[in-house]
Amino acid sequence: MQAIFKREFLSYFRTPVGYVAMAIFTFISGFIFYTQFASGYVSISQEIITLRALFIVIVPIITMSMFAEDRRRGTEILYYTSPIEMFSVVAGKFLAAMALYFVMFINVFIHMIVVKACGGTVDAGVIGSILVFFFLAALFISIGLLASVLTDNMIISAIVAFLFILVTQLLSVIGNYCGTAVSTIMSYMGIAASTRTAANNAVSGFIGWFDPFTKTEDFSLGLFSVSALVFCISFALFFLYLSFRILEKKRWSQK
Amino acid sequence: MIEIKNLVKHYGDKKAVNDISFTVKDNEILGFLGPNGAGKTTTMNIITGYLSSTSGSVKINGHDILEEPALAKKDIGYLPEQPPLYLDMTVDEYLKFICDLKQVPAKERKEHISQIMDMVGISVVSGRLIGNLSKGYKQRVGLAQALVGDPPILILDEPTVGLDPNQIIGIRKLIKQLSKNHSIIVSSHILSEIQEIADRVVIINHGKVAAVDTIMDLSQRLSGTSKILMSFNGPAKDVSARLKMIPGIADVSIRNPGVPGEVEITLAPKAGNDVRANAFFMMAKSGWPILEFRSLNPSLEEVFLSITAG
C-alpha cells in the first residue's frame with residue numbers, strides 16, 4: 001500500500017492535476033479569507049463550509065485518472081500480477097488523494113495562524129468544521145474512485161464523479177421534491193391529506209437521511225456527533241470495498 | 001516449474017482457451033507460438049494471475065495461482081505485449097516502485113536495480129523520463145521490471161519487439177543466460193528467434209494445443225524420418241544405384257540443381273536409421289567428392305505453417 005500511495009501522491013505533482021487542484025483551492029480559500037478579513041470579521045468555520053462546495057470540482061479532477069488511466073496505459077497489469085492485495089492498491093490510491101487534500105488544506109491552517117496572531121479565536125466549531133471537511137473529503141474521494149473503476153475513460157469518470165457528488169449535495173432538495181411528488185400523485189388518487197403528509201415526510205426523510213451535509217451541520221457550532229462521522233466513514237469504506245470487488249471481478253470478465 | 005492443466009477461458013460464447021495443458025520444466029526455455037488470436041496472450045495472462053480461467057489450474061512452483069496468489073506471483077516476472085510503464089517516472093524511480101510492489105528488501109534494492117539495468121543495458125538512461133525514451137529502451141525497461149525480485153519464472157510476450165538487430169542479439173543472449181536458473185516462456189512472432197533460443201515449443205491454434213515438442217522432433221514428425229540432401233560431382237545414375245545398396249536407405253531421388261557438373265540427390269532413410277556415415281564413406285571410396293551434405297528437416301516456420309494452416 002505504501003508503494004502505491006507514494007507513486008500516486010507524487011504523480012499528482014508530475015502532471016498538472018495536483019497543481020490545478022491546489023491552484024483552485026488556494027485561490028478560492030484565499031479569496032474568501034481576504035474578503036472576510038477586509039470586512040473585519042473572519043470565520044474560519046464559514047470559510048471551510050464554503051470550501052466544501054469545491055468538492056464537486058476538485059474530487060473529479062484528482063480521482064478521474066486513478067484507475068481509468070492505469071487501464072488505458074496497461075499499467076493495471078502490474079497490480080494484478082504483483083504479490084500485493086488489490087485492496088491495498090485501492091487504499092493506497094485513496095490515501096494519496098486524501099494526502100493531496102491535506103496539502104491543499106495547509107492554506108486554511110495558515111489562515112488560522114493569521115487569525116490567532118491577530119487576536120481572533122479558533123474554537124471547537126473550527127475543529128468540528130475541519131473534522132467534517134476531511135470526513136466528507138473521504139466520502140467524496142471514495143465516490144470519485146469508484147467512478148474511475150467503473151470506466152476506462154477519464155472524462156466519463158470525471159462526469160460520473162461530478163454527478164454523484166452533485167446528487168449527494170442536493171439530497172435534501174431532491175428528498176423534498178420526491179416527497180412533494182409522491183404527495184401530489186396520492187392526491188390525484190384521492191388519498192386522505194393526513195396520509196399524504198405522512199408519505200411526504202417519509203419519502204423526504206428517507207432520502208434526506210443519506211445527506212451527509214445535514215448530518216454534520218452542527219459540527220461548525222462545536223456540537224460533535226460520532227454517528228455522523230461513522231456515517232461518512234461507513235459509506236466511504238463501502239464505496240472503497242465496492243471498487244475493490246469490481247476490480248477483482250474484472251479478472252473474471254468474459255467480455 | 002509451471003504446470004498448466006485443462007485450462008479453459010470463455011469470452012461469452014467463444015472459447016479463447018480450450019483445454020490447454022502443458023508444463024515448463026526448471027531451467028527450460030519454452031517457445032509459445034500461435035497465430036494472432038490463437039489464445040497466447042490470454043493463456044499468459046491467466047498464468048500470471050491477470051485473468052482468471054473459467055476452469056483448469058495453473059501451478060507455479062507448486063502454488064496454485066488462484067489459491068495461493070501471493071506465493072505464486074512472487075515467483076513470476078511478466079513482460080506483457082505492451083510493457084506496463086509509467087511514462088511520468090524516470091527509469092530509476094520506476095524500478096524502485098517495482099521493487100516496492102515485489103517486496104524486494106530495502107537494503108538490497110540499489111544493487112539489485114543496478115545489476116538489472118546493466119543486464120538489459122539501460123544504465124545510461126536511468127535518470128531519464130520513460131516517456132522520453134525510444135521504443136527499444138522502453139521495451140528494455142519493461143524487461144527490467146520483469147526481472148525485478150529475481151523471480152525463478154519469466155513470461156515474456158514478444159520481448160524483442162522494437163529492438164534493433166544488435167539489441168535483439170543481446171536480449172537473446174540474456175534470455176539464454178537467464179535460462180541457466182530460470183524457467184522461461186517466450187512468445188514471439190519471429191520464429192527464427194524461437195528456433196534459436198527455445199528448448200521446446202508449444203504451438204496453439206484456435207485456443208487448443210496443436211503441438212508440444214522440441215523443434216527437432218516436431219520437424220521430424222512432420223517429415224517422417226529426416227531426409228538428407230547431398231550434392232556431388234559424379235555420375236548421377238551410378239551414385240543413385242550405389243546409394244540404394246546401403247542398408248537403411250529407403251529411397252534416392254535425383255534433383256536438378258541447375259549447376260553444370262553438379263548433381264543433387266535426396267536420400268530418404270528408413271525410420272530410425274542414420275545413414276550419413278555410410279553414405280559419406282561410400283562416396284569417398286568411389287572418388288565422388290561431396291559438395292554439400294545437409295539434413296532436410298522442415299524449419300520451424302514450415303512446421304508452424306503446417307500445424308496452424310486452416
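**A close look at chain B**

Tutor: Chain B has a radius of gyration of 24 Å, whereas a compact globule of 310 residues would have one near 19 Å; this radius is taken over C-alpha atoms, and the globule rule is 2.2 Å times the number of residues to the power 0.38. Along its principal axes the C-alpha trace of chain B spans about 75 × 45 × 30 Å.

The model is predicted, with local features needing pLDDT of at least 70 and side-chain atom pairs counting only at pLDDT 80 or more, while totals for chains, interfaces and linings use all residues. Residues are numbered from 1 along each chain as its sequence is written, and chains are lettered from A and ligands numbered from 1 in the order in which they are written. For chain B the mean pLDDT (the predictor's confidence in each residue, from 0 to 100) is 86, and 96% of its residues reach 70 or more.

The secondary structure of chain B comprises 11 helices and 14 strands, which are DSSP runs numbered from the N terminus (helices are H or I, at least four residues; strands are E, at least two). Among these elements is an open sheet of 4 strands with antiparallel pairing, in the order β2-β1-β4-β5 (chain B), where two strands pair if DSSP finds at least two bridges between them. Because β2 (14-24) and β5 (63-64) of chain B each have a single partner strand, they stand at the edges, and one side of each is left without a neighbour in the sheet. Strand β4 (residues 55-60) of chain B pairs with β5(B) in the antiparallel sense over 2 bridges, and I60(B) has H63(B) in β5(B) as its bridge partner.

Turning to the interior, 39% of the 310 residues of chain B count as buried; a residue is buried if 20 or more other C-beta atoms, placed from the backbone, lie within 10 Å of its own. The largest nonpolar core has 131 residues, of which Y94(B) and A144(B) touch the most other members; such a core is a set of buried Ala, Val, Leu, Ile, Met, Phe, Trp, Tyr and Cys residues joined through C-beta atoms within 7 Å. Helix α8 (residues 124-150) of chain A gives the most to this core, with 16 residues. Leaving aside residues up to four places away in sequence, Y94(B) touches L85(B), Y86(B), M89(B), I130(B) and V141(B), a contact meaning that the C-beta atoms of two residues, placed from the backbone, lie within 7 Å.

Methods: A residue is buried if 20 or more other C-beta atoms lie within 10 Å of its own, exposed if 12 or fewer, and partly exposed in between; C-beta atoms are placed from the backbone.
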